[in-house]
Amino acid sequence: MTAALEVIRADRVLTVVRAPEIPDPVALAEALAGAGIRALELTFTTPGVLDCLRKVADSGRGVVGAGTVLTAEQAEAAIDNGARFLVTPGLRVRVAAVAVRRGIPVVMGAFTPSEVMQALDLGAAAVKIFPARTLGPGYLKDLHGPFPEVDLIPSGGVNAGNAAEFLAHGAAAVTAGTDVVAPADVAAGRWPEIAARAASFVRSMK
C-alpha cells in the first residue's frame, strides 16, 4: 500500500493530468518520469481514462493513479485497471472504503481542519489540500500545528513560482497541474515540451 506514496514522498511531487484526450499515455509517463516526476494522476474527467491507466500500468513507466474518483464503482474500476493510488477532490466515504479494502492508498481532498480529521478517520493515507491557492503556502504551516504527522499535498494553484514555498511550509509533496501538463499539449502529444516544463518545475522545487 505504501509503495506509491513512497515514490511521491521521495520525488516530493506528482502530476495531475486533465486533458480532453491522451493520445499516448505511456509516452506522457516517460516524459514526466525522465524529468523527475514519476507519479502521475489521470483523472476521470478524461474520456477513456481506464484504458490510459491500464496502458501506463502495463508499461511499468512511472506510478499511475486515478484522480477525481467520486464513486465506489470508479474506485474499483481504476484499481482493476492498474491504479496504484486514488485521489478524490473531497471527502468520499465509499471511495475510501474501497481503497482500504483493496489495500490501495487514497489521497483524499480536504480543506478545513475538520475535513482533514474526517479524511484521516476514513483511512486516507495522505490529505490533498484543495484548492491550495485560496490561502497559500502559509496555510500548510497552520495545518501542521494540529496535524504534525499528516502528509499534506497541496493541489490547485501550485506552480513553479510557489512550489518551493509550499514544501518549505510543510507539504509532503506538491501537485503539478497545467503548469506542467497543459491540456492542449497533452492532447497534441507535445512530449518534449512537457518534459522540459516538468524538469523546470522539479528544479524550481529546490
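The legends below describe close-up views of a predicted model.

View 1. Strand S6 covers residues 126–129. S6 pairs in the parallel sense with strand S5 (residues 106–110) over four bridges. Within this pairing, Val 107 has Ala 126 of S6 as its bridge partner. S6 also runs parallel to strand S7 (residues 152–154), to which three bridges join it. Here Lys 128 stands opposite Ile 153 of S7.

View 2. A right-handed β-α-β unit is made by S5, helix H6 (residues 113–121) and S6. From S6 the chain then crosses through H7 to S7, and this β-α-β crossover is right-handed. Helix H7 spans residues 138–144, and the loop between S6 and H7 contains Pro 131.

View 3. Phe 130 and Pro 131 are joined by a cis peptide bond, with omega at about -5°. Pro 131 belongs to the loop that connects strand S6 (126–129) with helix H7 (138–144).

**View 4. Helix H2 against helix H10.** Two packed helices are described by the angle between their axes and the distance between the axes. For helix H2 (residues 25–35) and helix H10 (residues 191–204), the axes come within 8 Å and cross at roughly 30°. H2 is therefore roughly parallel to H10, as the angle is under 35 degrees. The crossing of H2 past H10 is right-handed. From H2, the contact is made by Ala 27, Leu 28, Ala 31, Leu 32 and Ala 35. From H10, the residues in contact are Trp 191, Ile 194, Ala 195, Ala 198, Ala 199 and Val 202.

**View 5. The surroundings of H2.** H2 is largely enclosed by the rest of the structure, because eight of its 11 residues are buried. The buried residues are Pro 25, Val 26, Ala 27, Leu 28, Ala 29, Ala 31, Leu 32 and Ala 35. They pack against S1, strand S2 (39–43), helix H3 (49–59), helix H9 (183–188) and H10. After H2 comes Gly 36, which has a positive phi near 110°.

View 6. Arg 12 has a phi near 65°, a positive value in a residue other than glycine. Arg 12 lies in the loop between helix H1 (3–11) and strand S1 (13–17). With a relative accessible area of 33%, Arg 12 is partly exposed. Thr 68 is likewise a residue other than glycine with a positive phi, near 50°. The loop that holds Thr 68 runs between strand S3 (63–67) and helix H4 (72–80). Thr 68 is buried because its relative accessible area of 13% falls under the 20% limit.

**View 7. Thr 175 in strand S8.** Thr 175 is part of strand S8 (residues 174–176). At 4% relative accessibility, Thr 175 counts as buried. Leaving aside residues up to four places away in sequence, Thr 175 touches Leu 14, Val 16, Ile 153, Pro 154, Ser 155 and Val 158.

Terms used. Residues numbered from 1 in each chain as written. Predicted model: local features only at pLDDT ≥ 70, side-chain atom pairs only at ≥ 80, totals over all residues. Heavy atoms only, no water. Helix = DSSP H or I, 4+ residues; strand = E, 2+ residues; numbered from the N terminus. Buried < 20%, exposed > 50% of the residue type's maximum accessible area, 1.4 Å probe, protein only. Contact = heavy atoms within 4.5 Å. Pairing = 2+ DSSP bridges. Right-handed = clockwise from strand over helix to strand, strands pointing away. Axes fitted to C-alpha atoms, helices over the stretch in contact; angles between N-to-C directions. Parallel < 35°, antiparallel > 145°, perpendicular 65-115°, else oblique. Left-handed = near helix turned anticlockwise from the far one by under 90°.
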